[in-house]
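Below is a briefing on one protein structure, grouped by topic. Please keep the sequence and the 3D view open while reading.

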Amino acid sequence: MSDVTSIPILLDADTGYGNFNNARRLVRKLESRGIAGACFEDKLFPKTNSLHDNRAQPLADPNEFGLKIEACKDALRDPDFCIVARVEAFIAGWGLDEALARATTYADAGADAILMHSRRSDSEEIEAFMRVWDRSKAPVVIVPTKYYRTPTETFREWGVSTVIWANHNVRAAIGAMQGVTRQIYEDQSLVNVEEKIASVKEIFRLQDDDELVEAEKRYLPAKDD
């Protein structure tokens, strides 16, 4: 992804895949590949997806996680690389006080932003946090996968800095592939799907095939007619 885009990439870095040493090594690797930032969540590794129902969501000790954030910041060579601390207190069933305490610890440890996560279908937890959070400590990132009905303008009014729509391209691709496969199976033909899908030429364009054609002219020996 970094090779083919000029916009910043924020990597979902899970928990850092272990303790502070794994996390800071990951940050160094990401820097070398031109990634703009990494988001670490305060769960125990290996973790459970935050949107699973009725699953235990054990959290890391907040002080240890804060030290993991500090280790990542100390390991940086690029001062513009961003470390985002994702707070899972609401996901784990804790209340606002725990979410606020964890966010404060991580901001004090040097996190460039706080990602406050919630899996409720309404945005009440996020609103409650934004009402008490001191935004001078760190900007707030949210992921409204479940509370998507809340208007984006409302998030702006609360002072949210960044909204991540986290998985919709993957979900759209899955739905499209399932639909096309079903149509082909039922019709035993491509007639009704060809106009709905990307052309082969579009695949070549995404692969920058024109550059390859020109490179072949330059770097491959000319063939005799």
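Apart from neighbours within four places in sequence, R102 is in contact with D42, L59, A60, P62, V87 and A89, where contact means heavy atoms within 4.5 Å. This is a predicted model, in which local features need pLDDT of at least 70 and side-chain atom pairs count only at pLDDT 80 or more, while totals for chains, interfaces and linings use all residues. Residues are numbered from 1 along each chain as its sequence is written, and side-chain values use heavy atoms, with hydrogens and water left out.

- R102 sits in helix α3 (residues 96–108); helices (H or I, at least four residues) and strands (E, at least two) are DSSP runs, numbered from the N terminus.
- R102 counts as buried, at 6% relative accessibility. Buried means under 20% relative accessible area, exposed over 50%, and partly exposed in between (1.4 Å probe, protein chains only).
- From C-alpha to C-alpha, R102 and S189 are 56 Å apart in space, and they are 87 residues apart in sequence.

**Salt bridges**

- Side chains of opposite charge can pair when their charged atoms come close. A salt bridge is here a side-chain nitrogen of Lys or Arg within 4 Å of a carboxyl oxygen of Asp or Glu, and the count by this rule is 15.
- One of these salt bridges joins R102 to D42, with the closest N and O atoms 3.1 Å apart. The pair links distant parts of the chain, 60 residues apart: R102 is in helix α3, and D42 is in the loop between β2 (37–41) and α2. D42 is buried, at a relative accessible area of 0%, and R102 is buried too, at 6%.
- E88 forms a salt bridge with R86, the closest N and O atoms being 2.7 Å apart. E88 has a relative accessible area of 0% and is buried; R86 also counts as buried, at 11% relative accessibility.
- R86 and E88 belong to a network of salt bridges that also links E41 and K43.
- The side chains of R205 and E202 form a salt bridge of 2.8 Å, N to O. R205 and E202 are three residues apart in helix α7 (residues 200–206), so about one helical turn separates them. R205 counts as exposed at 53% relative accessibility, whereas E202 is partly exposed, with a relative accessible area of 27%.

**Packing of helices α1 and α2**

- Two packed helices are described by the angle between their axes and the distance between the axes.
- Helix α1 (residues 20–32) packs against helix α2 (residues 62–75) at an angle of about 35 degrees, and their axes are 8 Å apart. Axes are lines fitted to C-alpha atoms, for helices over the stretch in contact, and angles run from 0 to 180 degrees between N-to-C directions.
- On the α1 side the contact is made by F20, A23, R24, V27, R28 and E31, and on the α2 side by K68, A71, C72 and A75.
- E31, in helix α1, counts as buried at 14% relative accessibility. Not counting residues up to four places away in sequence, E31 touches A75, L76, R77, D78 and F81.

**Surface residue M177**

- M177 lies in helix α6 (residues 168–187) and is exposed, with a relative accessible area of 52%.
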